[in-house]
Each structure stands twice: as structure tokens, then as C-alpha cells.
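Let's take a walk through a protein fold together, one piece at a time. Have the structure open and follow along as we go.

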Amino acid sequence: MRGFDPLPAAQLPAGQEHSQQSPPTPRPVGVQAEIVIPVRNEQRDLASSVQRLHAYLHDQFPFSTRITIADNGSTDGTWSEALALEASLEPVRAVRIERPGRGGALRTVWSQSDAAVLAYMDVDLSTDLNALLPLLAPLLSGHSDVAIGTRLARGARVIRGPRREIISRGYNLLLHATLGTRFSDAQCGFKAIRADKARVLLPLITDTGWFFDTELLVLAERAGLRIHEVPVDWIDDADSRVKVISTAVAGQLARFIAVGVTCTVAYVLIYLLLRGAMNAQAANALSLLITAVANTALNRRLTFGIRGRAHAARHQLRGLIAFGIGLALTSGALAALHVASPRPSRAAEVTVLVLANLVATVVRFGLYRSWVFGGPGLAGRPPADYSELRYGPYSAKHQVLDLSE
């Protein structure tokens with residue numbers, strides 16, 4: 001097969017926006033498992049990796065499988081290599097998706113697959129292939145709904161540099177702290193899902209790039225699906241093109257900093273304006289209150305990507321509690337300054353307040369991520385039906401990192 005027509009943006013079918021209680025109509029099963037290898041400009045490694053995987057499946061794997069190469073926007077000779085592999089190896093097929101993005105490629109292929117279980121692997125085959133059977137068997141037997149390889153659980157054996165180790169652990173700790181997730185490794189390129197569960201979850205996923213995995217796992221966990229973890233032997237690909245720090249941090253941090261700088265400037269100007277008419281503590285409290293309301297509203301929309309009026313009042317109320325922490329820090333700093341110098345200059349007051357406000361900003365960011373904009377009961381009951389995952393307080397659009405690639 002030479003390609004699929006790209007799917008439109010994920011949407012629920014008309015008339016089903018608020019109900020997914022009826023299970024999807026079963027499809028005829030073609031193979032037991034389809035293993036997708038998403039690639040973009042991987043001409044150098046594609047042939048050797050696919051040939052190695054094909055030989056392993058042919059010689060040692062007990063289930064019927066298909067390998068699908070999902071070329072998403074390659075500009076080198078990757079697509080030609082994929083077509084040559086399709087012509088020479090059975091059952092290998094090549095699919096061309098014009099738009100770059102691993103998540104979009106997986107959603108396209110998985111949505112149109114006739115396999116019982118859908119899986120994917122990174123083209124570098126960093127994960128030992130002996131973990132493939134433990135990954136797929138629990139799904140084929142019906143024991144679990146989703147399976148993931150993990151480099152962070154006991155029993156995993158990993159070879160990689162300290163920088164990527166720190167980044168990986170930090171990212172997963174961030175997910176645990178902010179979303180209350182329980183799975184151990186969101187980004188290992190070695191995952192599988194039962195096709196019937198995928199057909200329910202895929203339309204709810206909005207990210208088409210690097211965060212597709214995270215959003216899929218968060219949705220699955222919120223739906224109460226059973227996630228099976230397989231400790232893997234994993235060797236780092238030194239030529240990996242995924243820029244984890246810039247992808248995971250830069251966009252959101254830049255927006256948060258921009259909002260923070262704007263509000264800090266406004267805070268200082270309001271403080272100086274009020275200081276002539278009232279004492280330092282009163283001027284600080286009032287100027288901080290005004291800018292805290294604006295800060296919460298701007299971060300809600302710009303940094304965390306939350307639109308509409310739903311839960312806006314609750315977010316502002318929680319933001320005011322975060323404001324209280326900032327007020328305590330800045331008021332304490334002012335009090336200490338006035339003890340040290342009974343009549344400090346306006347410049348000294350502003351300097352102390354700005355420094356205290358920086359500390360308060362760090363605290364506020366943590367509260368914003370973990371509590372202010374988090375939906376109620378993130379680690380509690382599963383949603384009543386799958387539609388809550390998209391439209392209710394579990395919405396991944398509001399809870400999963402809202403970052404551009």
C-alpha cells in the first residue's frame with residue numbers, strides 16, 4: 001500500500017459529542033498486531049532497522065504481525081527506502097503522511113488498521129526486541145488495555161548519558177506532580193494499545209507531535225484502562241533528533257515569563273502610584289491583588305491554554321490563595337527592610353519587593369500547574385463515560401502540557 005489519505009483533525013462523530021457509552025462496532029481482524037515505525041528523514045537507519053525487526057518477527061514471534069513504515073513529511077530519501085522495503089519484504093507496507101508529526105502519523109495508521117493490537121517502535125530500535133512479546137501478549141490475551149515500555153521501573157537496564165537521564169526523570173516527575181499520573185515512563189518509544197480502546201481514545205487526542213504519547217496515557221489512565229508496564233533494556237541513540245528541553249519547556253516557560261514580566265512591571269507602577277497615598281504594606285497588598293487577578297487570567301489563557309468561562313471563578317479563587325502566599329512573602333520582605341532601615345528609599349522598597357516577587361512567582365507557577373488549573377479529582381474516580389475525557393474536568397486539552405512542537 002502506497003499511502004493513506006491524511007485524517008482530519010480529531011473530532012468525535014456528529015451526534016456523539018457527549019456520549020461514548022456504546023462500544024464501537026468491532027472490525028474484522030486482519031493480523032493480530034500491527035507495529036508502526038514513524039519516521040521522518042531517517043534514510044540512513046530505516047532499511048537496517050526494518051530488516052532486523054522483520055527477521056525477528058519471522059523467526060521468533062508467535063503472533064501474526066504487520067510492519068508499517070509511517071513516513072511523516074520526510075524530505076530526504078526515506079520514502080524511497082520505505083517503498084523498496086515494502087516491495088521486498090512481506091508483510092511490510094509503507095504509508096506516506098505529508099504533515100510532519102509522530103502523533104499524527106500514529107493516529108492516521110492506527111485509525112485505519114484492521115489489527116487487534118496496535119503498537120509502535122522508534123526506528124533506532126533502542127529497545128531490545130525481546131521485550132516485544134511481553135509488551136503485546138497481555139493485550140492479545142485481554143489482560144490489559146495499554147502496554148508501555150519503561151526505562152524507569154525496577155528491572156530496566158538503560159545505557160544513556162546523564163543529561164538525557166535527568167531530563168527523562170524530570171519530565172516524568174513533572175507529570176506525577178502536576179497530573180497525578182501513576183505510569184512510570186511517558187516517552188519511551190515502545191507502546192501498544194488494544195484496537196477497540198484506541199478507536200475510542202484517538203479522536204480525543206489533540207497533539208500530533210511529541211506529546212501524543214503523554215496525552216494518550218493520561219486519557220487512558222483517566223478512563224480507568226489497565227496499563228501494563230514492561231521494564232526494557234534500552235540503549236540511547238546518540239543521534240536522536242528529539243530536542244526534549246526545547247520541546248517540553250521553551251514554549252510554556254516563555255509564555256509564563258512574558259506574563260510574569262508584564263505583571264511585575266504593572267505591579268511596580270501601581271505600587272509607586274499608591275505609595276504616595278498610603279503606607280508601604282497597604283500599597284503592596286492592593287497592587288499585588290490587582291496584578292494577581294490579571295496574572296491568573298492571562299496565565300489561564302496564554303500559558304495553560306484554557307479557554308471559555310468553565311471553572312473560571314474557581315481558577316480565580318485558587319489564584320487568590322496563591323496571591324496570599326505572594327503577599328506573605330512580599331510583606332515579610334518589606335517588614336524586614338523597615339526593621340533594618342526605618343526610612344528606606346522607594347528604590348530600596350521596589351528592589352526588595354521585586355526580589356520577593358520573583359520567589360513568589362516560582363511558588364505560583366508550581367501552584368498553577370499542580371492545583372490552580374488542575375481539574376478536581378485528577379487521581380480519583382474514572383469518568384462516567386469517555387466523553388468526560390474531552391469535555392469534562394479530565395480534558396487532556398486542559399491538563400496535558402499545552403505546548404507547540
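Strand 1 and strand 4 (residues 117-121) pair in the parallel sense, with four bridges between them. If you look for valine 36, you'll find tyrosine 120 of strand 4 standing opposite. Keep in mind that this is a predicted model.

Valine 36 also has a residue opposite in another strand: threonine 68 in strand 2. Strand 1 and strand 2 (residues 65-72) pair in the parallel sense too, over seven bridges.

| Strands | Sense | Bridges | Residues standing opposite |
|---|---|---|---|
| Strand 1 and strand 2 | parallel | seven bridges | Valine 36 and threonine 68 |
| Strand 1 and strand 4 | parallel | four bridges | Valine 36 and tyrosine 120 |
| Strand 5 and strand 7 | antiparallel | three bridges | Alanine 147 and alanine 192 |

Now zoom out. In what order do the seven strands of the open sheet line up? The order is 3-2-1-4-7-5-8, and the pairing is mixed. Strand 3 (92-97) and strand 8 (227-231) sit at the edges with a single partner strand each, so one side of each has no neighbour in the sheet. On average, neighbouring strands of this sheet are turned by 20 degrees against each other, direction ignored.

Next, the helices. Strand 1, helix 1 (residues 43-60) and strand 2 together make a right-handed β-α-β unit. Helix 1 lies across strand 1, strand 2, strand 3 and strand 4, and runs at about 165 degrees to strand 2.

Helix 1 also has a helix partner. Its axis and that of helix 2 (residues 78-88) come within 8 Å and cross at roughly 20 degrees. Angles under 35 degrees count as roughly parallel, so helix 1 is roughly parallel to helix 2. Their crossing is right-handed. Which residues meet there? From helix 1 come Gln43, Leu46, Ala47, Val50 and Gln51, and they meet Thr78, Glu81, Ala82 and Leu85 in helix 2.

How values were computed. Residues are numbered from 1 along each chain as its sequence is written. This is a predicted model: local features need pLDDT of at least 70, side-chain atom pairs count only at pLDDT 80 or more; totals for chains, interfaces and linings use all residues. Side-chain values use heavy atoms; hydrogens and water are left out. Two strands pair if DSSP finds at least two bridges between them. Helices (H or I, at least four residues) and strands (E, at least two) are DSSP runs, numbered from the N terminus. A crossover is right-handed if, with the strands pointing away from the viewer, the path from the first strand over the helix to the second runs clockwise. Axes are lines fitted to C-alpha atoms, for helices over the stretch in contact, and angles run from 0 to 180 degrees between N-to-C directions. Contact means heavy atoms within 4.5 Å. Angles under 35 degrees count as roughly parallel, over 145 as roughly antiparallel, 65 to 115 as roughly perpendicular and the rest as oblique. A crossing is left-handed if the near helix is turned anticlockwise from the far one by less than a right angle, and right-handed if clockwise.
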